[in-house]
Amino acid sequence: MEKKEKILIVEDDIKISRIIELQLKHEGYNTDIAFDGIEAIKKIENNNYDLILLDLMIPKMSGIEVCQRTREISDVPIIMVTAKDEIDDKVKGLDMGADDYLTKPFEFKELSARIRANLRKVRKEKNKEIVKVNDLILNKDTFEVFRGGKKLDLSRTEYDLLYLLMENKGIVLTREKILNKIWGYDYYGSDNILDVYIKYLRDKVDKPFDKKLIQTVRGVGYIIKEVD
């Protein structure tokens with residue numbers, strides 16, 4: 001029998017959480033509910049979820065902090081739920097490692113599509129193995145990155161950005177494409193965030209080594225390629 005994927009619903013409105021739970025169960029998912037941030041962290045620490053639906057406006061511990069704490073222990077996909085005017089919170093949540101977000105009010109069919117897309121992405125990632133550029137090795141099964149045999153400590157965003165560059169080895173990626181892939185089409189912040197994260201990556205991936213793999217193509221974007 002095929003394993004049902006398990007989703008944690010973090011929502012303090014009992015009525016809304018129960019409606020979402022019933023709809024997700026109808027679609028074949030197993031579900032669990034946390035009504036505040038502290039309860040959510042306890043459940044995340046003690047269970048293996050396939051996806052977390054996280055409302056940011058929850059009591060006892062903010063959704064932003066729940067997201068941050070979760071990323072310290074798990075790479076489980078997180079879909080944030082925010083109000084229309086909470087743009088800053090959306091940016092903070094994505095920076096803390098959330099994978100996607102929905103704005104209230106939303107249609108269940110949109111939520112369902114977002115869930116399927118994020119779970120599908122995880123399945124694809126699990127099916128990929130090793131990506132290499134020179135002595136830089138990224139293991140998609142373990143989410144580990146090594147260069148010259150040394151393990152690199154990367155944040156989730158740094159990891160996602162590096163993987164995007166590596167899976168397109170030898171191809172120049174435009175700034176717009178990178179921003180859309182990593183921060184989403186609905187990202188409203190400054191595109192300088194890309195320059196900041198490229199610097200973070202270079203400090204960890206290139207700076208300690210002789211061969212510099214991440215290169216800037218002025219006026220276009222970035223590329224990572226083999227160096228002789």
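Strand β10, residues 173-174, pairs with β12 in the antiparallel sense, over 2 bridges. This is a predicted model, so keep that in mind as we go. Leucine 173 has tyrosine 222 in β12 as its bridge partner. The hairpin of β11 and β12 has 3 residues between the strands, and glycine 219 in it takes a positive phi near 80 degrees.

Several of those residues turn up again around leucine 165. Setting aside neighbours within four places in sequence, leucine 165 is in contact with Leu173, Ile178, Ile198, Leu201, Ile214, Tyr222 and Ile224. Now zoom out to the largest nonpolar core, which has 28 residues; Leu136, Leu162, Leu165 and Ile224 touch the most other members. Two or more residues each come from β6, β7, α6 (156-167), α7 (175-183), α8 and β12 (221-224). The biggest giver is α6, with 7 residues.

What about α8, one of those contributors? This helix covers residues 192-206, 15 residues in total, and reaches 20 Å from its first C-alpha to its last, close to the 21 Å expected at 1.5 Å a residue. Its buried residues are Ile193, Leu194, Tyr197, Ile198, Leu201, Val205 and Asp206. They cover an arc of only 150 degrees around the axis, so they sit on the same side of α8.

Asparagine 134 lies in the loop between β6 (130-133) and β7 (136-139), and its phi is near 55 degrees, positive although the residue is not glycine. Further along, phenylalanine 143 is in the loop between β7 and β8 (144-147), and its phi is near 60 degrees, again a positive value in a residue other than glycine. Why point these out? Because most residues other than glycine have a negative phi. Is phenylalanine 143 buried, exposed or partly exposed? With 30% relative accessibility, phenylalanine 143 counts as partly exposed.

Now for the other sheet. It is an open one of 5 strands in the order β2-β1-β3-β4-β5, with parallel pairing. β2 (30-34) and β5 (100-103) are at the edges with a single partner strand each, so one side of each has no neighbour in the sheet. From one strand to the next, the twist averages 20 degrees. β1 (residues 6-10) pairs with β2 in the parallel sense over 5 bridges, and isoleucine 7 stands opposite threonine 31 in β2.

Two helices go with these strands. Helix α1 (residues 14-26) lies across β1, β2 and β3 (51-55), running at about 170 degrees to β2. Helix α2 (residues 37-46) packs on the sheet and touches β1, β2 and β3, with its direction making about 140 degrees with that of β2.

One last stop is helix α4 (residues 87-95), where you'll find aspartate 88. Is aspartate 88 buried or exposed? Its relative accessible area is 59%, so aspartate 88 is exposed.

Conventions:
Residues are numbered from 1 along each chain as its sequence is written. This is a predicted model: local features need pLDDT of at least 70, side-chain atom pairs count only at pLDDT 80 or more; totals for chains, interfaces and linings use all residues. Side-chain values use heavy atoms; hydrogens and water are left out. Helices (H or I, at least four residues) and strands (E, at least two) are DSSP runs, numbered from the N terminus. Buried means under 20% relative accessible area, exposed over 50%, partly exposed in between (1.4 Å probe, protein chains only). The expected span of a helix is 1.5 Å times one less than its number of residues. The arc is that of the directions from the helix axis to the C-beta atoms. A nonpolar core is a set of buried Ala, Val, Leu, Ile, Met, Phe, Trp, Tyr and Cys residues joined through side-chain atoms within 4.5 Å. Contact means heavy atoms within 4.5 Å. Two strands pair if DSSP finds at least two bridges between them. Axes are lines fitted to C-alpha atoms, for helices over the stretch in contact, and angles run from 0 to 180 degrees between N-to-C directions.
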